[in-house]
Structure formats: C-alpha cells, structure tokens
Amino acid sequence: MAHSEEYQKLEGRIFTRSFFVLLAVVLVGFFFVGVRFVKGIGAVSNMSDGYPWGIWITYDVATGTAIACGGYAVAILVYIRNRMQYHPLIRSAILTSMFGYGLAGFSVMVDLGRPWNAYNFFIPSKWQANSAMFEVALCVMAYSTVLIIEFVPAILTSIEKSKWNRMNAIRNWLHPRIAPDQQTMVDTLEMVRLGAAWLKPRLNKVLIFFIVLGITLPTMHQSSLGSLLLIASTKLHPLWHTGFLPLLFLLNCIFIGYSIAILESLISSYSFKRPYEVEELSGLAGLVPYITVIWFCVMIGDLVSRGQLAAAFRFDFYSRFFLSDFLLVAIGSLILFSKKLRRSPRWLFVSASMIVFGGALYRFNVYLIGFNPGKGWRYFPSFAEVMITVGIVALEILAYKVFVALFPVLPNTSGHGAKKHGKAKATQPAADAAFQPAGAQLEAVTVKTHN
Amino acid sequence: MKKQSRRDFLKLVGATGAGLVAASAASVQANEGLHVNNDELGMLYDATKCVGCKACMSACKRVNSDYGSLSYEKARFDTDGLWDAPSDLSGSTRTLIKLFKESPKQWSYVKYSCMHCQKPSCVSVCPVSAMTKEPVTGIVDYNKNTCIGCRYCQVACPYNIPKFQWEKALPQIVKCDLCKNTNLREKGISACAEVCPAGAIKFGKRKELLEEAQNRLKDNPDKYIAHIYGEHEGGGTNHLYLASMPFNKLGLPDIKPEAPAEFSEKIQHTIYKGFIAPVALYSTLCFIAVKNMKKHQGHGEEDSHKKEEH
C-alpha cells in the first residue's frame with residue numbers, strides 16, 4: 001500500500017503574491033468572525049427568525065461538504081470499484097475533502113448561537129436519534145477525523161524524508177541562549193523520524209479500514225443533509241420537498257464529487273504548470289453522466305408521482321431556479337457523453353464546472369431559494385456574512401497551496417508517467433506515451449491565450 | 001473491460017439507490033398513527049372574545065422576564081421607552097396579540113404563542129434534546145443549558161414560534177413554556193389566561209378545551225368559522241383557536257393532519273433502523289476493498305496498472 005513514490009511535493013516558493021492576497025481575504029473574514037462573537041450573529045448577518053439558516057449553513061456546510069466529496073467519490077472508484085489507475089488522484093482529493101469538512105465544522109461553530117454547549121453531542125443522555133442534525137453532526141466529526149488519518153501517511157513520508165533544513169535554519173537564527181542544543185535537537189528529530197518510520201507500515205496495514213469508513217460516513221451524512229429539510233414540509237416548495245431528498249442528496253454529492261475532482265486536477269495542473277492527467281480525468285468524467293441520469297430519473301419520477309411536474313414549467317421564481325439547476329447539470333452531462341470532448345481539458349473544465357454549479361444550485365434551492373417561511377420574511381446575505389464565507393474558502397485554498405508544497409500530495413508526473421508507459425503499457429505504441437504530455441501542454445497554452 | 005466495469009459501477013450505485021428507494025417507499029406506507037393525549041394542558045383562544053387589550057402580553061413579560069429572558073421592546077417613535085411595543089414574536093417576546101383588518105367590518109385579533117404540539121417538530125429535530133415535551137402536561141419546554149443554538153427548531157416549526165436572540169453575544173431560543181416554572185407552578189394557570197379580562201383565553205386540559213370549543217361552535221354557528229384550529233393541524237396542538245375569519249388569513253398556516261415530524265422520522269428511522277444498514281454497508285465495503293487490495297498485492301505493484309487495461 002505504500003504509494004509514496006506515486007506522489008511528489010510541489011517545488012517552488014510558498015510565499016507567492018497569491019498567498020498574500022488570499023491571506024488578506026482570510027483576515028477580513030476573520031475580522032467579521034470576531035465581530036460576530038463580540039456583538040452577536042445579528043450584527044454581521046441578515047439571518048432572521050424566518051430564515052434562521054443563511055449562507056453559512058447553505059454554502060459552507062450543505063454545499064461545501066458536497067464540493068468536498070471528491071475524496072469520497074474517488075475513494076469509491078479506487079477501493080470499491082478497484083480502479084487503481086485513479087490512485088494518483090486520491091491524495092489531493094482527500095486533502096481538499098479534509099479542508100472542506102474541517103472548515104465546514106469551523107463555520108458551524110461560527111453559526112451556532114451557543115457553541116460552548118456543543119459538548120452535549122458527546123453525552124449519550126442528550127442524544128436525539130430522531131434528529132437528522134444529530135446524525136449529520138456526529139458523522140461529519142467522525143469523517144473529519146477519518147480524513148485526517150487518511151492524510152497522515154503523506155505527513156509521515158514527509159517526516160521520514162525530511163532533512164530538517166528549515167528547522168535547522170530557525171535554530172541557527174535563534175539566539176544561542178534560547179535555541180535548543182544542536183545535539184539534543186538532532187536526537188529529538190531522529191526520534192520523530194524513527195517514530196514515523198515505525199508508525200507508517202502499521203498504519204498502512206489498517207488504513208484500508210479507515211478508508212472504507214471514509215466511504216461509509218459520507219454515504220450516511222450526505223443523505224442526512226437532505227433529510228434535514230424533510231421536516232420543513234410547509235416551508236419548502238413542493239418542487240423540492242419530497243421523501244426522496246436523502247437519495248437525491250446522496251447522488252448529488254457523488255456527481256459533484258467526481259466533477260470537483262476533475263476541476264481540482266485541471267486547476268492545479270494549470271496553475272502549477274504541470275501536464276494534465278487527461279487519461280484519468282476522461283475516465284472519471286465518463287462516469288459522471290451515468291450518475292446524473294439516475295439523479296434525473298429519481299427527481300423527475302418523483303415530481304410526476306407527486307403531480308408537481310407542471311410546477312416545474314410554470315416559469316415563476318421557483319420554476320426558473322429549478323430549471324437552471326436542471327439544465328446546468330443536464331448540459332454538462334451531455335457534453336461528457338461525448339468521448340472526444342471528454343479528452344479535451346477545456347471541455348472537461350466547462351462541463352465539470354457546469355455540473356458542480358448546477359449540483360450546488362440544487363442544494364441552494366433546497367436550503368434557501370425554495371425555502372419560504374411565510375409572508376413578510378426575506379433573506380439576502382449581508383456583506384459581512386458573505387465575507388466570512390469567502391474568508392473561509394480563501395483559507396481552504398491557502399492551506400491547500402501550503403500543504404501541496406510541504407507534503408507529497410500531487411501525482412508524481414515523471415515517475416508515474418514513466419512507470420505507466422514504460423512497463424504496463426508495453427503493448428501501446430511509444431508515440432502514444434509522448435502524445436499525452438505534449439497534447440496537454442498544447443491545451444494549457446490554448447487555455448492561457450483564451451483567458 | 002471498461003464497459004464491463006462501468007456496468008458494475010452502475011450496479012453498485014443502483015443497488016445502493018434501490019435500497020434507499022425501497023426504504024423510503026416502505027416508510028411512507030408504514031403508518032403508525034399518532035396517539036393523541038387529550039389530558040395534556042393547553043389553552044383555547046377565542047378570537048371573537050378577544051378585545052385586543054394585550055393584558056396577556058404584559059402579564060407574560062412581567063411573570064417570565066427573568067426566567068424566560070424577556071425584555072421590553074421600544075417602538076421607533078417612542079424614544080423614552082414608555083411602551084412595550086414588539087412588532088412580532090421575538091427574542092424578547094413570547095406571546096403577542098395582532099389585529100388583522102380586512103375591512104371596517106371584517107377584522108379579528110389573533111394571539112401568537114407556542115402551539116404545544118402533540119408531536120412537536122422542534123423536539124423531533126433538536127440534536128441535543130434541549131427541546132423536550134413533558135410526558136404528563138405535554139408542555140414543550142426549552143433548556144438553554146443544553147441548547148447549542150443551531151436554530152433547527154426554527155427551521156422545523158411550521159408556526160414559526162421559536163425565536164432567537166440575534167442581537168446578543170450569548171443568545172438563546174425564546175418560546176412559551178406555559179409558565180411552567182413561574183405562574184403555572186405558583187397558581188396552576190398560565191399568566192396570559194389568568195389576566196385575560198374578556199375570557200378569550202381558557203386554560204385547561206385538552207379534552208375540556210375541545211368540548212368547550214365544540215359547544216361554542218354549536219351554540220353560535222354564525223359567529224365562527226366551523227373549525228377548531230389545532231384539533232387536527234400537524235397531528236394536533238394543545239393551543240386551540242376559534243375565530244370568525246379564515247385561519248390562514250390570521251397567519252395560522254394550513255397544515256395537513258399528519259405531523260411533519262412523523263413524516264421525517266419515519267424516513268430517518270427506516271434508514272437507520274437498529275443501525276443495521278450502516279453496519280451492513282460498512283462490512284460489505286470492507287469485504288470488497290480488502291479483496292481488491294489482496295488482488296493487487298498478489299499481482300505486485302507494477303501489474304496493478306496493467307490489470308486495469310484488459
């Protein structure tokens with residue numbers, strides 16, 4: 001299971017200009033988080049008793065965790081569907097899932113009115129199994145832990161291989177009086193390295209059970225995110241309120257998961273100037289339309305059985321939002337049905353973004369747009385509220401950039417390609433091997449000029 | 001091989017999906033039926049008797065202000081703060097009288113406060129049991145010492161009753177508890193019913209209230225809309241209403257007799273019955289994953305990629 005040579009650290013500086021831009025956004029967001037804790041939620045947000053859940057729940061939790069389902073979706077493919085060629089994608093997918101879920105948890109703590117009471121989730125006498133929220137909360141906490149465990153091998157590899165240059169530099173920079181003794185430090189670091197070396201094979205042995213747990217838990221809580229709105233039968237518009245909400249949310253997170261894995265790979269290849277993983281991505285993209293078709297079948301079948309199909313074509317406020325999420329996902333899926341377009345990074349990018357936006361819009365529809373608590377209530381997020389969400393997203397991107405530089409996360413382009421084309425694909429013509437990176441580079445250029 | 005595996009994948013998705021579909025379909029059929037307890041405490045509000053004096057509002061605040069974290073609300077014109085002038089139920093007001101006026105002849109007062117449902121949505125959704133329903137009195141109570149402030153009760157309540165203190169750094173939920181810790185304990189009656197000078201609020205057991213309401217409907221059929229609001233709405237409520245105008249005009253929503261909490265709990269219970277489904281899912285996935293892994297170790301590292309291609 002030791003796939004360490006499959007991944008590599010990203011070479012380059014961490015403190016680039018984009019780093020500081022992101023950092024500034026993060027700081028603005030956290031300023032408003034501070035205001036929220038001093039002056040109350042009402043001081044920063046437009047939420048009201050009619051709309052008690054705003055974009056913090058709708059985006060950061062309900063949509064953010066779906067977007068963070070890349071790790072879940074790719075893990076199903078690799079470990080359950082046994083398609084090991086996608087294995088190189090998994091570590092970056094897990095990393096984004098880890099940040100997505102961790103920060104969803106963080107924004108929940110911002111959103112909770114009485115967060116100091118959150119320990120009640122761990123007191124069995126307070127448990128309330130009827131509540132979908134209880135299920136979501138426990139599952140999300142458990143899954144975040146599992147994601148961290150799944151990521152530990154990358155950190156251990158990094159520790160094992162580290163020469164501790166930076167640590168030594170800091171030691172040398174410190175005043176001799178407060179700096180630890182050279183010998184003690186070397187000994188301590190050696191202990192850490194040995195510890196990591198000891199832990200790694202043992203962790204690798206049991207890791208598969210955590211990985212499977214990391215597939216079970218999202219299946220549970222992503223469907224429960226849909227169950228959350230089952231109770232709002234008088235408030236949620238009939239276009240969306242159905243007993244099938246759990247199933248629709250589960251399918252929705254799977255196709256968002258694959259699409260976001262595609263997007264992440266394309267974006268990081270583009271921005272880190274690495275060759276595109278066209279082979280893997282087009283295979284991944286081929287799966288998406290099948291899931292969206294199932295999703296559409298459930299959705300439309302349910303609308304027909306409840307006699308609400310006409311409401312979808314009334315072209316009023318609700319119908320328009322329903323149709324836009326429908327069309328975004330449908331058109332994105334249609335593009336992906338074409339084998340040729342699937343091999344073009346640009347079309348992959350277009351279709352995957354459409355599916356992610358459409359799928360996310362579906363969740364917005366259920367949590368906010370289709371939610372009508374009665375006359376007189378309105379909600380549109382305030383500036384401060386949006387900035388808190390934007391700050392959290394910026395932190396996610398920032399942390400991703402730092403982590404891919406510190407730990408071996410991204411697919412190892414040289415080693416991976418050589419292994420694949422040199423040995424496994426012996427039957428394929430060698431020209432084919434050369435074609436992929438070249439084609440990818442060409443695409444990169446076209447995308448660049450296009451923008 | 002590629003086609004083959006895609007089919008397998010679809011099978012897997014389909015199987016999971018079919019399971020869930022079957023579960024939710026079965027759950028809709030399995031109607032357990034809600035047991036209505038008519039011995040619970042409640043109130044009957046007769047809008048035709050109400051004179052709109054708001055004595056109930058003022059008594060509620062006087063009695064519950066400390067315990068229930070209530071406070072006076074200033075109106076914009078009233079800079080000196082002479083009056084308590086809440087415009088709606090809020091984080092400082094748990095009962096409220098409003099006037100609905102359609103025309104000079106067509107008008108009605110209406111009282112808003114917790115309906116104390118037979119099957120309360122807020123209790124069903126609270127993840128940490130901060131909302132509870134007392135088994136004997138049927139009072140739906142809130143405990144701020146366990147509440148985490150997630151506001152799911154607000155999302156769930158079809159009557160929009162629980163209110164949140166948005167302006168406070170240490171907020172809580174505010175809702176009527178039938179003076180459980182104040183007037184009811186001391187005098188055996190809720191403060192609003194005690195002070196009402198017009199007899200518009202009657203306090204008592206649900207069966208007495210229903211009887212009284214039916215009698216009033218029988219005696220004065222012209223005066224009332226022939227419906228006791230709360231008798232069947234959302235599984236039945238302990239706070240009942242009589243009025244001369246359609247209830248939805250008075251801000252009381254049309255709700256089906258099935259409690260919303262019944263619907264959601266049925267689906268949730270079917271999926272998570274005895275925690276069998278999640279455990280089964282986990283074990284199945286473990287079996288598949290371990291098998292796959294063994295295969296790979298058998299073939300060796302390099303072959304793993306080759307294997308995928310045929």
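Predicted model: local features only at pLDDT ≥ 70, side-chain atom pairs only at ≥ 80, totals over all residues.
Chains are lettered from A and ligands numbered from 1 in the order in which they are written, and residues are numbered from 1 along each chain as its sequence is written. Local features need pLDDT of at least 70 and side-chain atom pairs count only at pLDDT 80 or more, while totals for chains, interfaces and linings use all residues.

**View 1. Where chain B meets chain A.** Here 63 residues of chain B are in contact with 63 residues of chain A (C-beta atoms, placed from the backbone, within 7 Å). Elements that each supply at least two residues to this side of chain B include α1 (2–29) and α8 (260–271); helices are DSSP runs of H or I with at least four residues, strands are runs of E with at least two, and both are numbered from the N terminus. The largest share, 11 residues, comes from α9(B).

**View 2. Strand β9 of chain B, covered on both faces.** On one side sit B:H239 and B:Y241, on the other B:L240 and B:L242, and all are buried (20 or more other C-beta atoms within 10 Å of the residue's own, placed from the backbone). Next to look for is β1 (residues 41–46) of chain B, which pairs with β9(B) in the parallel sense over 4 bridges (DSSP pairing needs at least two bridges). B:M43 has B:H239 as its bridge partner in β9(B).

**View 3. Residues 415–451 of chain A, with pLDDT under 50.** pLDDT is the predictor's confidence in each residue, from 0 to 100. For this stretch the model has 30 contacts beyond four places in sequence. Chain A averages a pLDDT of 85, and 90% of the residues score at least 70.

Terms used
Contact = placed C-beta atoms within 7 Å. Buried ≥ 20, exposed ≤ 12 C-beta atoms within 10 Å, placed from the backbone.
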